[in-house]
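Please look over the structure shown here before reading the explanation that follows.

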Amino acid sequence: MGGEQQPEPESAQSGLVSRSIDEFVHQLRGFSDRARSLAGAVPARLSLPSLPSPPGAMSAAQLRAVAQTVTAQRQSIAAMRAQLDAFDQQLAVFERLLDPMVEWSATWARLEEAVGDFVRPNGPDVRNGG
């Protein structure tokens with residue numbers, strides 16, 4: 001209950017995000033500085049290839065392509081889910097149709113077994129000699 005206030009979760013999270021972004025920018029600057037220093041150390045007779053567009057634009061295009069790929073993959077998964085749901089419904093109907101057929105088949109097998117002794121020419125009485 002002192003003068004200190006707990007930071008709100010949103011402000012703590014935004015602080016973490018801004019720190020992460022700052023670290024990323026710092027690492028990116030360090031990388032580009034190292035790349036520039038290496039490029040300056042390259043002998044003049046070795047020419048570096050020119051970039052087709054500014055690196056920022058290329059990065060944005062690559063990110064847009066990744067975002068489109070992710071969206072397409074999620075749509076594909078949604079379509080597969082719909083197909084699986086439809087297939088599951090078909091299997092449920094098939095299962096409901098099979099249940100009575102299994103019962104009928106078991107009943108028929110019991111009936112054949114019970115009546116089989118009377119129909120066979122070698123019934124139980126003939127075997128016992130009687």
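Among the elements of the protein, which has the lowest mean pLDDT and which the highest? Helix 3 (residues 124–127) has the lowest, at 53, and helix 2 the highest, at 90, where pLDDT is the predictor's confidence in each residue, from 0 to 100. Where pLDDT is low, the predicted coordinates should not be read in detail. For the protein, the mean pLDDT is 77, and 62% of the residues reach 70 or more. This is a predicted model, in which local features need pLDDT of at least 70 and side-chain atom pairs count only at pLDDT 80 or more, while totals for chains, interfaces and linings use all residues. Residues are numbered from 1 along each chain as its sequence is written, and side-chain values use heavy atoms, with hydrogens and water left out.

The protein has three helices and zero strands, helices being DSSP runs of H or I with at least four residues and strands runs of E with at least two, numbered from the N terminus. Of its 130 residues, 2% count as buried, that is, under 20% relative accessible area, with exposed meaning over 50% and partly exposed in between (1.4 Å probe, protein chains only).

Helix 2 (residues 55–119) contains Phe87, which is partly exposed because its relative accessibility is 45%. Trp104 and Trp108 also lie in helix 2, four residues apart, about one turn of the helix. The count of aromatic pairs comes to one, with ring centres required to lie within 6.5 Å and planes under 30 degrees apart counted as stacked, over 60 as edge-to-face and the rest as tilted. Trp104 and Trp108 form this stacked pair, 5.9 Å centre to centre with 15 degrees between the planes. Trp104 counts as exposed because its relative accessibility is 58%, whereas Trp108, at 43%, counts as partly exposed.

Technical notes. Phe/Tyr/Trp six-rings, centres within 6.5 Å; stacked < 30°, edge-to-face > 60°.
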